[in-house]
Amino acid sequence: MQLISSSNQRNELYEKFKLKIIHNSYLDRTLVSYQGNKQTPFSSWFKYREGFSERLVTYLLQTFKPKPGVLIDPFSGVGSSLFAASALGWQTTGIELLPVGLFATQARIIAQKIDVELLNLEITKFKQINFQDYYDQFSVFNHLAITRGAFSSINEEQLIAYISYCKNIIPNKDINTIFIYAAFCILEDISYTRKDGQYLRWDNRSGRSKGNGKFNKGEILSFEDAINRKLKQIISDLKSSLVQLNLFSENLLLELATTKSSIVEKTKPKLYEGSCLEILPTIQENSVDFVITSPPYVNRYDYTRTYALELAFLGCSEEKVKSLRQQMLSCTVENRGKCNYLEQFYTIRNRHQDFLKIDSTFKNQAALQEVLIVLENYKKQGKLNNDNIVRMVGNYFYEMCFVIYELARILKSGGIVAMVNDNVRYAGEEVPVDLILSDIAESFGLKTRYIWTLGRGKGNSSQQMGNHGRTELRKCVYIWEK
Ligand SMILES: C[S@@+](CC[C@H](N)C(=O)[O-])C[C@H]1O[C@@H](n2cnc3c(N)ncnc32)[C@H](O)[C@@H]1O
């Protein structure tokens with residue numbers, strides 16, 4: 001019974017790492033998160049709230065490895081780390097599971113090499129016609145159950161007409177993708193929904209009886225206005241980045257006798273579609289210099305619900321969305337465990353020994369097991385607002401053990417992992433994600449250089465580690481080295 005309220009293991013871990021926990025004043029919240037942060041032109045087209053700033057990536061690379069090499073981001077989202085590193089001459093690879101981030105990354109790769117004049121011409125043409133003439137009453141927007149009713153009928157008709165215009169009238173594949181991407185970027189603006197914390201919030205004008213029915217998101221743009229604004233933003237950003245690129249390459253030409261297009265081509269990110277739990281094991285060992293990444297946090301945030309409009313737009317069926325939700329790194333109460341699946345996956349590849357090592361590292365991580373026991377007891381006492389929270393926390397760390405093991409394997413000696421993540425708390429009980437993951441990383445041969453904290457300070461001291469619902473939780477960037 002003593003263990004119920006115990007925080008001994010976590011306190012011990014805190015003692016082990018406390019000298020590494022350093023507040024880095026350069027890294028405040030705005031540097032790491034999308035919100036409130038000045039974005040590059042490309043990343044401001046689509047609001048991916050989980051994306052981190054490209055300035056952070058530049059800072060990390062310049063601080064630890066000013067000389068370009070090979071970088072990988074196993075949870076690449078919209079590709080912030082890939083593009084920022086590419087711009088510094090790094091060879092980059094991203095892995096992303098959700099079609100949302102994949103499409104945004106692919107669209108940006110295309111935008112960076114697009115014929116800006118041709119795009120401009122198509123936009124001018126588009127402005128001169130009435131795209132609504134292309135509405136086809138037999139075409140539909142393939143809604144998911146949770147997106148039905150998200151658009152006014154006029155906006156939905158215009159969206160359908162626009163897509164049909166793009167399909168039928170714009171022959172150039174790349175220009176077509178940018179036009180479709182423009183519509184993808186405005187879905188929230190033209191809808192009755194707003195991405196809010198854990199879920200889509202519904203405006204009372206939707207007539208959908210969600211929430212308390214009082215929410216008003218403010219102006220809802222007409223599709224026509226929104227798409228014209230977005231296309232204008234895209235073309236103006238592209239024109240100005242072309243000017244910058246020309247200046248840049250003129251300077252570089254003097255030094256390297258190279259061309260504008262070869263600069264872009266050489267540094268184009270490589271993108272894998274799928275789960276990093278499956279893709280990382282296929283990557284060559286000792287082949288990577290830098291990992292910059294931010295996995296989902298263990299905070300119940302469901303990307304497939306928040307980005308339901310975008311997933312529906314990209315043609316994902318109900319079944320597909322359910323399967324993506326299960327494949328994602330476990331961070332919602334709906335995720336079922338992947339233990340059997342991972343055992344099979346490693347065994348088929350003649351890596352059962354690796355599986356056993358990873359599995360036992362999870363089982364022997366004392367602070368983690370302590371947290372799981374405490375949460376299990378809270379569950380029995382009815383203190384958790386969802387019984388599956390314990391399962392989620394366990395699965396999250398289980399899967400992160402696999403990710404970290406593989407990262408340690410593919411890193412070159414001297415290679416660096418920089419990981420952005422937040423600590424969490426359930427029923428007042430702190431889960432020191434930073435300490436647990438750093439300890440797991442050390443079990444796999446990595447060394448913790450820093451646990452940099454953001455915001456106001458260091459969070460809990462060791463004496464406060466247990467159930468202290470109101471103390472500040474650490475938001476961190478961990479730096480591990482091989
Ligand atoms: C915190 S976000 C990373 C955002 C990214 N740093 C950026 O700037 O866009 C975590 C990402 O991990 C992706 N993800 C979740 N589970 C995954 C998995 N098993 N394999 C690959 N990506 C996954 C999510 O779709 C999400 O885009």
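The ligand sits in the second largest pocket, where a pocket is, on a 1 Å grid over the protein atoms alone, an open set of points with protein on both sides within 12 Å along at least five of seven lines; a molecule sits in it if more than half of its atoms lie within 2 Å of its grid points. This is a predicted model, in which local features need pLDDT of at least 70 and side-chain atom pairs count only at pLDDT 80 or more, while totals for chains, interfaces and linings use all residues. Residues are numbered from 1 along each chain as its sequence is written, and side-chain values use heavy atoms, with hydrogens and water left out.

Which atoms of Glu96 and Cys276 lie at the ligand? A polar side-chain atom of Glu96 is 2.5 Å from a ligand oxygen atom, whereas Cys276 places a backbone N or O atom 2.9 Å from a ligand nitrogen atom. The protein buries 99% of the 600 Å² that the ligand exposes when taken alone (Shrake-Rupley method, 1.4 Å probe).

Cys276 is itself buried, at 5% relative accessible area, since buried means under 20%.

Definitions and conventions: Polar contact = N/O pair within 3.5 Å; in protein donor to acceptor, adjacent residues only side chain to side chain. 1 Å grid on protein atoms, 1.4 Å probe; cavity = no way out; pocket = protein on both sides within 12 Å on 5 of 7 lines; lining within 4 Å. Buried < 20%, exposed > 50% of the residue type's maximum accessible area, 1.4 Å probe, protein only.
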